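Please look through the sequence and the structure shown here before reading on. The report that follows takes up a few residues and their surroundings.

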Amino acid sequence: MALCQSGKVDAEYTGLYNDSVCGWWYIKDGAVDFDYTGLAECEYGWWYVVGGTIDYGYTGLVYDSNYGWWYVENGNINFGYTGLYNDKNCGWWYVENGQVNFNYTGLTANEYGWWYVENGQINFNYTGLAANEYGWWYVEGGKINFNYNGYAAYYGVTYRVEGGKVITA
């Protein structure tokens, strides 16, 4: 299948093209590129293309060597998504405005609790103290432990913790 404009193959066109009969296809140098898998942009947004066509059934994280890691929902990058996402292939990641934020380190919440994220990924091995806008907290196995009562050391200072929250030094 080739892209025709005014009865001629447009050998210079590269991008997404909507054929009224066959749907959306990734075109490279005027012909469908059935080998292309990656992200592509058109006037309706950014899309995940597999085998030359948009994969509307895909939801998950996508890596494209030109554009990085993105959260795709029903084949389309969801630029409105910010939060934790568990991809079955690569684990839990912090996504900000649709893109995995590898620079994020801090506490963030989802429906399963508050988690310690380091370099964009939940660090399930972290046990120690971490802060958010609500104060300092005791984190165990990457998750705030709201049941913890006791003491925790942080950079040589010992703190009292009640219900997971740091109370005093």
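Is N119 buried, partly exposed or exposed? N119 is partly exposed, with a relative accessible area of 47%, where buried means under 20% relative accessible area, exposed over 50%, and partly exposed in between (1.4 Å probe, protein chains only). This is a predicted model, in which local features need pLDDT of at least 70 and side-chain atom pairs count only at pLDDT 80 or more, while totals for chains, interfaces and linings use all residues. Residues are numbered from 1 along each chain as its sequence is written, and side-chain values use heavy atoms, with hydrogens and water left out.

N119 has a positive phi of about 55° although it is not a glycine, and D29, also a residue other than glycine, has a positive phi near 55°.

Side chains of opposite charge can pair when their charged atoms come close. A search of the whole structure finds one salt bridge, a term for a side-chain nitrogen of Lys or Arg within 4 Å of a carboxyl oxygen of Asp or Glu. In this salt bridge the side chains of R160 and E162 meet at 2.1 Å, taken from N to O. R160 counts as partly exposed at 28% relative accessibility, and E162 is partly exposed as well, with a relative accessible area of 41%.
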